[in-house]
Structures are given as structure tokens and as C-alpha cells.
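Could you walk me through this structure, one feature at a time? I'd like to learn how to read it.

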Amino acid sequence: MAKAVFHRHQRVYVEPVGTWAVIDRVNPVWVKGFSEPVRVTYDCGLGRDFAAEELIAESEGETRDANAFETQATHWRLMRARNKWQTPEESAHHPFPGTYPVIVTDENDWGGWRVPGAEYERDPHLIEMQARLIATAPKLLKLARDMVGYGRNTADLDDELIVLLKRADQLCGGVDQDGVATASPKAKAGV
């Protein structure tokens, strides 16, 4: 016998389509002689009904999206590009004369962050620090998420640590899609 896994108006990720949708109708399939439905499908307004195996609840999907980001973010790295607007002699006061930092966020050495030449010239040491921070950001985000997860699974925490974990959860929430933190009921209750 089948039981409904999702409910009407619940937001779910529809894997075959690759998009988020809201369940419009829960469709149980009844067969004469059985006291419960033999199958349950879900109408998400996408042209056909979907089985529960094809849908992911919102909180699970957000975790999956976060994990996908962490996997993709492992490619972030700091590279150096040749300074086209100054020779190495003209930029001898720079931390790395003749080059400037480029953060690459794709496996194929493209996409990411670059700094305009005039801005780099204004304060090269600050731009170098920003580049290192941006390249390290995915690892810092993972660390913050791991810390929040640890806090959710630990019963007795120091008050100061709880405050720090709340701040880490808020920062993670600012990065997550739609700016909504993937907080558990325990975290929303103040842990």
C-alpha cells in the first residue's frame, strides 16, 4: 500500500525537470478491494504526474544545492595574470610586480573575479588580500556550515559558542539561495 510522502502546496524539487515546483494535487490511485491507495502521484503543474521518488522536499533540496556548490567551489583558485598596463619595472612597488590577481571559479581557467587596473594600482596590497579571501571563501563557508551542523547535534554548548554559531548560521543563510538559511527546528529555536 502507498502512503502520501508530500502534501498539497509543498515546495519540492522535481528532478526529471530540474526545477522547483509546488504540488497542486496529491493523486491517490485506488483499486477496488483495497482499503488504501496502491500508488500516489503528485501533480506539480508541469504537464504530468510525478512519483515520490522523482521529488525532493525543499529542505533536502537546499542541502543538495549547498553540497553541489561546495563541490563546484573546490575549483576556485588564485591565479596571476600579466599586467598589461604596466611593465614589471613600473610596478616594482607591487607585491608581485608585472602581475595582478585573478580568481578563477571554473575548471577551465575562466569565469570568476578580476580587478580593474586603476583599482589595483590604488592599493595593490588590499586587492591581494581580497583575492586571497575570495579564493578561500568556499572553504570558509564549508567550515561555517560544519560548525553549525556540529552545534545542532550537540546538546550542551557554551553560551558564547551558541552566539557564534548563530552568527555563522546567519552568514550561511546570506549565501544560500533566496537568502534563506537551511536551519533545522533546533537551530530556529535558538541552538
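Q: What should I know before I start?
A: This is a predicted model, where local features need pLDDT of at least 70, side-chain atom pairs count only at pLDDT 80 or more, and totals for chains, interfaces and linings use all residues. Residues are numbered from 1 along each chain as its sequence is written, and side-chain values use heavy atoms, with hydrogens and water left out.

Q: How many helices and strands does the protein chain have?
A: Helices (H or I, at least four residues) and strands (E, at least two) are DSSP runs, numbered from the N terminus. Here the protein chain has five helices and nine strands. Going along the sequence, their pattern reads β-β-β-β-β-β-α-β-β-β-α-α-α-α.

Q: How do I read a sheet, and in what order do E3, E4 and E5 come?
A: Strands of a sheet pair through backbone hydrogen bonds, either parallel or antiparallel. Two strands count as paired if DSSP finds at least two bridges between them. In this model, three strands make an open sheet in the order E3-E4-E5, with antiparallel pairing. Strand E3 (25-29) and strand E5 (49-51) are at the edges with a single partner strand each, so one side of each has no neighbour in the sheet. On average, neighbouring strands of this sheet are turned by 35 degrees against each other, direction ignored (axes are lines fitted to C-alpha atoms, for helices over the stretch in contact, and angles run from 0 to 180 degrees between N-to-C directions).

Q: How many bridges join E3 to E4?
A: Five bridges join E3 to strand E4 (residues 39-43), and the two run antiparallel. Look for Arg-25, which stands opposite Asp-43 in E4.

Q: What share of the protein chain is buried?
A: Buried means under 20% relative accessible area, exposed over 50%, and partly exposed in between (1.4 Å probe, protein chains only). Of the 191 residues in the protein chain, 32% count as buried.

Q: Which residues of the largest nonpolar core touch the most other members?
A: A nonpolar core is a set of buried Ala, Val, Leu, Ile, Met, Phe, Trp, Tyr and Cys residues joined through side-chain atoms within 4.5 Å. The largest one has 13 residues, and Phe-6, Val-12, Val-14, Ile-23, Tyr-42, Cys-44 and Leu-55 touch the most other members. E1, E4 and strand E6 (55-57) each supply at least two residues of this core. A second, separate core of six residues includes Tyr-100, Val-115, Tyr-120 and Ile-127.

Q: Is Glu-128 buried or exposed?
A: Glu-128 belongs to helix H3 (residues 124-152), and its relative accessible area of 2% makes it buried. Contact means heavy atoms within 4.5 Å. Leaving aside neighbours within four places in sequence, Glu-128 is in contact with Arg-80, Pro-95, Phe-96, Pro-101 and Tyr-120.

Q: Where is the kink in H3?
A: The bend at a residue is the angle between axes fitted to the seven residues ending there and the seven starting there. In H3, a kink of about 50 degrees lies at Ala-137, shortly before the proline Pro-138.

Q: What is the phi of His-9?
A: Most residues other than glycine have a negative phi, and most peptide bonds are trans. The phi of His-9 is near 70 degrees, a positive value in a residue other than glycine. His-9 sits in the segment before strand E1 (11-14) and counts as exposed, at 57% relative accessibility.
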